[in-house]
Amino acid sequence: MTAPQYPRLIATDLDGTLVRSDGTVSARTRTAVLAAQRAGSVFVMVTARPPRWLHDFEDLVGDHGVAIVANGAILYDVLRRKAIRTRLIEPAIALEVAVAIRSAIPDVQFAIERPDRYGQEPVYLNRWPKPDDTLVAAVEVLLAEPAAKLLVRHPSMQSDELLALVNPLVGQRVTASHSGGHGLVEISASGVSKAAMLADFAAEQGISAAETIAFGDSVNDLPMLAWAGTSYGVANAHPEVLAMVDRAAPTNDEDGVAAVLEEFLQSLK
């Protein structure tokens, strides 16, 4: 995709990419996203966030009404607050993986995201307030039902370090990644990624990868950035992201996504 061509599909990660470090989306970014939608682009948020953390962005969803959440495990109708499609980890596989990880890394703590509920072990270190209906239980209970994500936290390791240890332990049984959080690895069902659900969404819209631009900042964005016809890494992105993207954008705190979209909009004038 050359610069003058306007993208039919705009896909972006949220935290560290569209969302600023203070957790907000700037007025400039909101204006650019809404202008891109008026110009004819389909805009879709593709995030590691669980469904309940999307409701502050309802005004950005667009006519299709959905977002890709939980690293591609859930296609979520933001306005109706309903999961449309899920790709979950089967309980037996999830428990097998959790046992393998804890046997090799005894200090890990587990939590889970289901499409409609969050759960955690009593020892799990939360960095955000727990929902009122949080299931607090042993990992065997947490994994008694299919999960969108198995969260693996270590109190002292960096995420890159923890992921390097987890990957050989889980093999091809599941997909392990991280979204930049300190000491946190996120595990999905085998084959689940932001790219896989985005490709399905694009096909349903009649849009090809070549007509898509994607923005990201972390390791879990790599498959999506590789799939898109043109990929952008914000300047604050993980080194692996900056090494593989087609183009760089300003940082999330400098409204990098908005800056790129404004350039596209200017090309239409």
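Guide: Helix axes are lines fitted to C-alpha atoms over the stretch in contact, and their angles run from 0 to 180 degrees between N-to-C directions. The model is predicted, and here local features need pLDDT of at least 70 and side-chain atom pairs count only at pLDDT 80 or more, while totals for chains, interfaces and linings use all residues. Residues are numbered from 1 along each chain as its sequence is written, and side-chain values use heavy atoms, with hydrogens and water left out.

Visitor: At roughly what angle do the axes of helix H2 and helix H4 cross?

Guide: Helix H2 covers residues 91-104 and helix H4 covers residues 159-170 (helices, H or I with at least four residues, and strands, E with at least two, are DSSP runs numbered from the N terminus). The axes of H2 and H4 come within 10 Å, and the angle at which they cross is roughly 130 degrees.

Visitor: How do H2 and H4 lie to each other?

Guide: Angles under 35 degrees count as roughly parallel, over 145 as roughly antiparallel, 65 to 115 as roughly perpendicular and the rest as oblique. The axes of H2 and H4 cross at roughly 130 degrees, and therefore the two helices are oblique.

Visitor: How many nonpolar residues are there in the contact of H2 with H4?

Guide: The contact (heavy atoms within 4.5 Å) joins Val 97, Ala 100, Ile 101 and Ala 104 of H2 to Val 166, Leu 169 and Val 170 of H4. By class (Ala, Val, Leu, Ile, Met, Phe, Trp, Tyr, Cys and Pro are nonpolar, Asp, Glu, Lys and Arg charged, and the others, Gly among them, polar), the contact of H2 with H4 has no polar and no charged residues, and its count of nonpolar residues is seven.

Visitor: How far apart are the axes of helix H1 and H8?

Guide: Helix H1, which covers residues 27-38, packs with H8 at an angle of about 40 degrees, and H1 and H8 are therefore oblique to each other. The distance that separates the axes of H1 and H8 is 9 Å.

Visitor: How many charged residues does the contact of H1 with H8 have?

Guide: On the side of H1 the contact is formed by Arg 28, Thr 29, Ala 32, Val 33, Ala 35 and Ala 36, which meet Ala 258, Ala 259, Leu 261, Glu 262 and Leu 265 in H8. By class, this contact has eight nonpolar residues and one polar residue, and the number of charged residues is two.

Visitor: What kind of pair do the rings of Tyr 6 and Phe 264 form?

Guide: A search of the whole structure finds three aromatic pairs (ring centres of Phe, Tyr or Trp, for Trp the six-membered ring, within 6.5 Å; planes under 30 degrees apart are stacked, over 60 edge-to-face, the rest tilted). The centres of the rings of Tyr 6 and Phe 264 lie 5.9 Å apart and their planes stand at 90 degrees, so the pair is edge-to-face.

Visitor: In which helix does Phe 264 of this pair lie?

Guide: Tyr 6 and Phe 264 are both buried (buried is under 20% relative accessible area, exposed over 50%, partly exposed in between, with a 1.4 Å probe and protein chains only). The pair links distant parts of the chain, 258 residues apart, with Tyr 6 in the segment before strand S1 (9-12) and Phe 264 in helix H8.

Visitor: Is Asp 255 buried or exposed?

Guide: Asp 255 is found in the loop between strand S14 (247-249) and helix H8 (256-267). Its phi is near 60 degrees, a positive value in a residue other than glycine. The relative accessible area of Asp 255 is 5%, and therefore this residue is buried.

Visitor: Is Arg 81 buried or exposed?

Guide: Arg 81 is found in the loop between strand S4 (74-77) and strand S5 (82-86), and its phi, near 55 degrees, is a positive value in a residue other than glycine. With a relative accessible area of 51%, Arg 81 is exposed.

Visitor: How far is Ser 188 from Glu 90 in space, C-alpha to C-alpha?

Guide: Ser 188 lies in strand S11 (residues 184-189) and counts as buried at 3% relative accessibility. Leaving aside neighbours within four places in sequence, Ser 188 has contacts that include Asn 71, Ile 89 and Val 174. Ser 188 and Glu 90 are 98 residues apart in sequence, while their C-alpha atoms have a separation in space of 10.0 Å.
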